[in-house]
Amino acid sequence: MEAQMANTLEQRRDDLRNTRKRNIKIELVQFCIALGLHYLCILEFALKYAMSIRRLEIKNLTKDRQSLVELARRAALSAYAPYSGFKVGAAVLMSDGTVYTGNNQENAAYGQSVCAERVALLYAQAQKPGVAPEAVAIAAIENGCLTTSPVTPCGACRQVFAETEQRYGRPVEILMTGEDVILSADSASDLLPCAFSSDTIK
Ligand code: THU
């Protein structure tokens, strides 16, 4: 009788040990899957970024895009930038083929200055609320010369681009230009991952 009880107890201990071992194995597999998914997300973001923002030579752009860049450069010439001396121009190509341009408008109360991108894009949307903006070219002039490095939009302008993409349900191509080179993004949202949007406040 005692021997039988001892056997049953031993059996229970073995079962308990086996269950623990199985649980540890399951947790280990779950941990590995979570770690793998985490690295896949990072890889996906890096690949998306690397593929969506390209560095090109302006002379290799299509004629359409080259003329958009030219219009942004011309708009920069008439910027009102007495405080920074950094004159920025932006040209917005609408999907009906019209182009609206704008430039930075500074103010003695510095915080009230408005960037070229927002002047151009918001004006375009005010004129043609039913037409989606398709592409925006940005250029800047400093000390009378085009900047060598491409001008990239500030965070506030990126947020406004993101809203425009959401509003019209289509991407806005961003052409950030320097004298010879250009950084080209197929969609403004590539410049602002995890943008704040109306989805959050609904
Ligand atoms: N600025 C723009 O208009 N767009 C940009 O992409 C970057 C900065 C303006 C704001 C300010 O008038 C001046 O450039 C210097 O920051």
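Start by selecting leucine 56 and isoleucine 182: the isoleucine, which lies in strand S7, is the bridge partner of the leucine. Keep in mind as you look around that this is a predicted model.

**The strands around S7**

Select residues 181-185 to show the whole of S7. Is this strand mostly covered or mostly open? Four of its five residues are buried, so it counts as mostly covered. Next, colour residues 53-57, which form strand S1. S1 and S7 run antiparallel and pair over five bridges. Then colour residues 173-177, strand S6. S6 also pairs with S7 in the antiparallel sense, here over four bridges. Follow the chain from S6 to S7 and you will pass through a hairpin of three residues.

**The ligand**

Move on to the ligand, whose space is the largest pocket. Which residues surround the ligand? Show Ser84, Phe86, Val88, Asn104, Glu106, Cys115, Ala116, Glu117, Thr152 and Pro153. Strand S2 (86-94) and helix H3 (116-127) each supply at least two residues of this shell.

Zoom in on the oxygen atoms of the ligand. For asparagine 104, the distance from a side-chain N or O atom to a ligand oxygen is 3.0 Å. At threonine 152, a polar backbone atom is 3.4 Å from an oxygen of the ligand.

Key
Residues are numbered from 1 along each chain as its sequence is written. This is a predicted model: local features need pLDDT of at least 70, side-chain atom pairs count only at pLDDT 80 or more; totals for chains, interfaces and linings use all residues. Side-chain values use heavy atoms; hydrogens and water are left out. Buried means under 20% relative accessible area, exposed over 50%, partly exposed in between (1.4 Å probe, protein chains only). Two strands pair if DSSP finds at least two bridges between them. A residue is near a molecule or strand if one of its heavy atoms lies within 4 Å of it. A polar contact is a pair of N or O atoms within 3.5 Å; within protein, one must be able to donate a hydrogen and the other to accept it, and residues adjacent in sequence count only if both atoms are side-chain atoms. On a 1 Å grid over the protein atoms alone, a cavity is a set of points where a 1.4 Å probe fits but cannot get out, and a pocket is an open set with protein on both sides within 12 Å along at least five of seven lines; lining residues have an atom within 4 Å of a point. A molecule sits in a cavity or pocket if more than half of its atoms lie within 2 Å of its grid points.
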